[in-house]
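Reader: I have a new structure to look at. Can you show me how to read it, step by step?

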Amino acid sequence: MKRSPVHLALLVTVLLAGHALAAQPGPPPAWASIVQLQQQMDTGTLDSRTLARQFLDRIAQIDQAGPTLRAVIETNPDALGLAAALDAGRAKAKPGPLYGIPVLLKDNIDTGDRMLTTAGSLALASAPAARDAGLVERLRKAGALVLGKTNLSEWANFRSSHASSGWSGRGGQTKNPYVLDRNPCGSSAGSGAAVAAGLATVAIGTETDGSIICPAASNGIVGIKPTLGLVSRSGIVPISHSQDTAGPMARSVADAAALLSVIAGSDPRDPATADADRHATDYTRFLDPDGLKGKRIGVVRQLAGAEPNADRVLGQAIALMKAQGAIIVDPVTVPHLSELGGPEMTVLLYEFKHDINAYLATRPKLEVRTLADLIAFDKAHAAQEMPWFGQELFEQAQAKGPLTDKKYTDAQAKAKRLAGAGGIDAALAQYHLDALLAPSWGPAFVTDPVLGDHIVSGDPTVGGASQPAAVAGYPSITVPAGFAHNLPIGIVLFGAKWSEPKLISIAYGFEQHARAWQPPRFLDTVAGKPVATAP
């Protein structure tokens, strides 16, 4: 059977790295990689329908029962039929690496099928979207199987500053599969928890600031926040066209790179992607086990020092990087980090009002048409939508004027300048660096619906390192690096615009030597006992 160049590249690279396993008969483990699954499907010991059935059973046993993770908000009622069709077409399809592979999508990503797209809100639950999002069109063209939608922080965590991450009116509270009373973090909470728990091979998350990086790190997986404009945002419930992007979430850098290779590219429905085709590539070509050798990596101590466990893991990661030939510059200073919060929030409030109104216009079958309608809906359904926290961010955004306001245009220009040319770019140039390094986040905090998350988004004093790349629109990648009290901790690498190949190479080189990933045990507390689960 002929394979596509992408399939061959991924297979050869992972084989050379020594991590491809021989095909085994019978159902695959929940933790199998894309390459392992494709090997089994190539040899006929597995097919896509069997794989989909296994994951659907696991979702029923772990997500809907057992630990009751609430990571998956809805499964695709047509999944098994679609999988059977993919199996029937495999011989003629010249399948690439994602052919027949189950993918979960965050529930703010449109699918033109029988599934809903709600951003976790009951306000959008009356009718499905009419058309696939741009990235979903790419996934289906590649033969990926859309298995379902993942729960999220309602409205991608942009309704209240006192919200509990991973909670939505439609889906309830997502749990962290490592320790169930801990929070899965970020608005892509369900995607992170689902991949970590083995409910699908890979998932798609979205990020405005931290919503891929934090849930990936807190759930012990890999997350890539791409350069803004590399992946289409068409058909995705928005917050901010200045910062929003979708990206892959996976248990390994190789799987994340394979997924990014499929979803990256230009889309006429998203003008920001005009240059994407000039940069999109087969990212699996950069899976180099020696990817650390000779790389100059700067440690941003401004984004560390807030949490001792994260600092310990960062120190271990730095030692490993040095041992593998990286040149560590420690510390480096990224200018203006403390100045980003104010202009960022101004931009988000203005753009949310504009962008959500534009998105709702694409959903004519819904009863809500504007942000004002959403505010009224929440008030009318307060028992279901606002039992724990309010909607002050909605109300602040509604009070903003048009995008022609000088306050907005000044804030947007300032945010991009301070984070990009005056921040990340300046640091990379001053120290002649390939990438910047920081702790992704500290260990997952306890879920607290009363007081909300025990973090302040974008504040480096609490250990979050997502803000510079998020505001600049530059790429970042988080990789598992260690554990503290049964909770995973990651490191984050970020760099210049369109530097995904370099970041993936560094991250893969680190991953192959750190071998930090461990499957979750579904503990009830950090010092507790496992909750009964499926194998």
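Author: Start with helix axes. An axis is a line fitted to C-alpha atoms, for helices over the stretch in contact, and angles run from 0 to 180 degrees between N-to-C directions. Keep in mind that this model is predicted.

Reader: What describes two packed helices?

Author: Two packed helices are described by the angle between their axes and the distance between the axes. Take helix H10 (residues 308-323) and helix H17 (residues 500-514) here. Their axes come within 10 Å and cross at roughly 100°. Angles of 65 to 115 degrees count as roughly perpendicular. That makes H10 roughly perpendicular to H17.

Reader: Which residues of H10 and H17 make the contact?

Author: H10 brings Ala317, Leu320 and Met321. From H17 come Phe510, His513 and Ala514. By class, the contact has 5 nonpolar residues, 1 polar and no charged ones.

Reader: What does a helix turn tell me about where residues point?

Author: An α-helix has 3.6 residues a turn, so residues three or four places apart point the same way. Keep that in mind as you look at the contact residues, Ala317, Leu320 and Met321 of H10.

Reader: Now the sheet. In what order do the strands stand?

Author: The order is S1-S3-S2-S6-S8-S7-S12-S13-S11-S9-S10. These 11 strands form an open sheet with mixed pairing. Strand S1 (72-75) and strand S10 (327-329) stand at the edges. Each has a single partner strand, so one side of each is left without a neighbour in the sheet. Neighbouring strands are turned by 30° against each other on average, direction ignored.

Reader: Is S12 mostly covered or mostly open?

Author: S12 is mostly covered, with 8 of its 9 residues buried. For side chains, recall a rule. In a regular strand the side chains alternate between the two faces of the sheet.

Reader: Which strands does H17 lie across?

Author: H17 lies across S7, strand S9 (296-299), strand S11 (435-439), S12 and S13. It runs at about 20° to S12. Helix H8 (residues 253-263) also packs on the sheet, touching strand S6 (202-207), S7, S8 and S12. The direction of H8 makes about 145° with that of S8.

Reader: How many residues of helix H6 are buried?

Author: In H6 (residues 189-196), 8 of its 8 residues are buried. Among them are Gly190, Ser191 and Val195. The buried residues pack against strand S2 (102-106), strand S3 (145-150), S6, helix H7 (213-218) and S8. Just after H6, Gly198 takes a positive phi of about 75°.

Reader: Last topic. What is in the largest nonpolar core?

Author: That core has 99 residues. Those with the most contacts inside it are Leu135, Leu139, Ile204, Met321 and Leu493. H8 gives the most to this core, with 9 residues. Met321, which you met in the contact of H10 with H17, touches residues including Leu292, Ile297, Leu437 and Phe510. Apart from this core lies another, of 25 residues, among them Leu337, Tyr431, Tyr474 and Phe494.

Terms used. Residues are numbered from 1 along each chain as its sequence is written. This is a predicted model: local features need pLDDT of at least 70, side-chain atom pairs count only at pLDDT 80 or more; totals for chains, interfaces and linings use all residues. Side-chain values use heavy atoms; hydrogens and water are left out. Buried means under 20% relative accessible area, exposed over 50%, partly exposed in between (1.4 Å probe, protein chains only). Helices (H or I, at least four residues) and strands (E, at least two) are DSSP runs, numbered from the N terminus. Angles under 35 degrees count as roughly parallel, over 145 as roughly antiparallel, 65 to 115 as roughly perpendicular and the rest as oblique. Contact means heavy atoms within 4.5 Å. Ala, Val, Leu, Ile, Met, Phe, Trp, Tyr, Cys and Pro count as nonpolar, Asp, Glu, Lys and Arg as charged, and the others, Gly among them, as polar. Two strands pair if DSSP finds at least two bridges between them. A nonpolar core is a set of buried Ala, Val, Leu, Ile, Met, Phe, Trp, Tyr and Cys residues joined through side-chain atoms within 4.5 Å.
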